Amino acid sequence: MRSRVTLVLAITAVVLGGVLLVPAAYARLNGTAGGDPSSATPTPVGIEPSAPPPPTLAAAPVKISGVDGFFSWALLDRESGKISGAKNMTSTNSTESMIKVWIVSDYLRQLGSKKPPASMLKMASTSIRNSNDDSTNALYKTAGGTSSLDRLIKMCELTETAKVIPPGDNSVWWSYTKMSPRDAVRMGECVKDGTAAGPKWTKWVLTEMSKVSGSVKDQQARQGGGKWGIIDGLPKGVTAQGLVSIKNGWTLINADGKWHVNCLAVNDDWVLSVMMRYSGGKGLGYGANVCASVASQLVAPQPGAALKVPKPLSAKAA
């Protein structure tokens, strides 16, 4: 009789223990020990939500309206080497002042270990920062003139770029160079990886590109403000990560009555180029806004995009 009573008591203890144990386990799994389970937020078991990746630029659909001439863009992923962009990213536009980064780089690289005269280094700076045509012309002549463009095509392995030498005034022949957005990002990479300016001057050139000054309203006969475009479309999350080096090119061409506008930006992770031609009446500000819009549409993840958070593990899986 005693053994039967003992067995019954043992079973009862197990059952009661189980009744008490289950709520306790449930509380631990849901972070509600000592509190009200109905008011707690489930906590993942065994998984910590990962921090969102920092924003960058990545290939994505781009929608631009109102360009009544030519529009294209290309994006180079520096890690993979892949170039994405518009379907017509191999079509060309005149480079205008965008090509000045190559002319400056080509001049400096050829110096080797020599130090340039202070006057020439100053012109190299104003060629990039202020987009000064006279400074560029002096560097272009010293670098070898049209042979500099031949080196650009060969050293940067460009496939859709061609030098154009029109009759008449040769003071800005470099600006007539035809280049595609795909080749423009290749040129940007050529500067970024040190091929263009060489090991001694690459950092200097990229830093000068990050100090471009002046707005679309700051335009003069032989130089102009060029701090606009892609840089304006980048969120602080991108610009805060490191140097963003830019060089734009722009001219209202009398021959076709259109603005020829190009934007180039170089970052540790990517190189972006936007190129276009459109009616002169739209003004330079329109092209600047197009470049900014392309950049903002390529930001990944997009601002406000929902982040995927791992689902909590079930009690069984835990």
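## Ala265 and its surroundings

Leaving aside neighbours within four places in sequence, Ala265 is in contact with Ile230, Val244, Ser245, Ile246, Trp270, Val271 and Leu272, where contact means heavy atoms within 4.5 Å. Ala265 is found in strand β7, residues 258-266. Strands (E, at least two residues) and helices (H or I, at least four) are DSSP runs, numbered from the N terminus. The relative accessible area of Ala265 is 0%, so this residue is buried; buried means under 20% relative accessible area, exposed over 50% and partly exposed in between, with a 1.4 Å probe and protein chains only. Along the chain, Ala265 and Leu75 are 190 residues apart, yet their C-alpha atoms are separated by 9.8 Å.

A word on the basis of these values: this is a predicted model, in which local features need pLDDT of at least 70 and side-chain atom pairs count only at pLDDT 80 or more, while totals for chains, interfaces and linings use all residues. Residues are numbered from 1 along each chain as its sequence is written, and side-chain values use heavy atoms, with hydrogens and water left out.

## The overall picture and the core

The protein has nine helices and nine strands. Of its 318 residues, 41% are buried. Among contacts between residues at least 6 apart in sequence, 65% join residues at least 24 apart.

The largest nonpolar core has 74 residues, and Leu272 and Val274 are those with the most contacts inside it. Such a core is a set of buried Ala, Val, Leu, Ile, Met, Phe, Trp, Tyr and Cys residues joined through side-chain atoms within 4.5 Å. Leu272 is also one of the contacts of Ala265. As for Val274, its contacts beyond four places in sequence are Phe71, Ser72, Trp73, Ile230, Val261, Asn262, Cys263, Cys291 and Val294.

Helix α2 is mostly covered, with nine of its 11 residues buried. The buried residues are Lys100, Val101, Trp102, Ile103, Val104, Ser105, Asp106, Tyr107 and Leu108. Just after α2, Gly112 takes a positive phi of about 65 degrees.

Two packed helices are described by the angle between their axes and the distance between the axes. Here the axes are lines fitted to C-alpha atoms, for helices over the stretch in contact, and angles run from 0 to 180 degrees between N-to-C directions. Helix α2 (residues 100-110) packs with helix α3 (residues 118-129) at about 160 degrees, their axes 9 Å apart. The two are therefore roughly antiparallel to each other; angles over 145 degrees count as such, those under 35 as roughly parallel, 65 to 115 as roughly perpendicular and the rest as oblique. α2 passes α3 in a left-handed crossing. On the α2 side the contact is made by Lys100, Val104, Tyr107 and Leu108, and on the α3 side by Met120, Leu121, Ala124, Ser127 and Ile128. These residues divide into seven nonpolar, one polar and one charged. In this scheme Ala, Val, Leu, Ile, Met, Phe, Trp, Tyr, Cys and Pro count as nonpolar, Asp, Glu, Lys and Arg as charged, and the others, Gly among them, as polar.

## Helix α2 and its partner α7

α2 also packs with α7, at an angle of about 150 degrees and with the axes 9 Å apart. α2 and α7 are therefore roughly antiparallel to each other. Their crossing is right-handed: a crossing has this hand if the near helix is turned clockwise from the far one by less than a right angle, and is left-handed if anticlockwise. Val101, Val104, Ser105, Leu108 and Arg109 of α2 meet Gly198, Trp201, Trp204, Val205 and Met209 of α7. This contact has seven nonpolar residues, two polar and one charged.

Thr202 lies in α7, residues 198-210. With a relative accessible area of 10%, Thr202 is buried. Its contacts, neighbours within four places in sequence aside, are Val191, Lys192, Gly194 and Ala197.

## Backbone details worth a look

Glu96 has a phi near 55 degrees, a positive value in a residue other than glycine. Glu96 lies in the loop between β4 (93-94) and α2 and is buried, with a relative accessible area of 6%. Glu157 likewise has a positive phi, near 55 degrees. Its place is the loop between α5 (146-155) and β5 (178-179), and at 62% relative accessibility Glu157 counts as exposed.

Finally, a cis peptide bond joins Ala300 and Pro301, with omega about -5 degrees. Pro301 is found in the segment after β9 (299-300).
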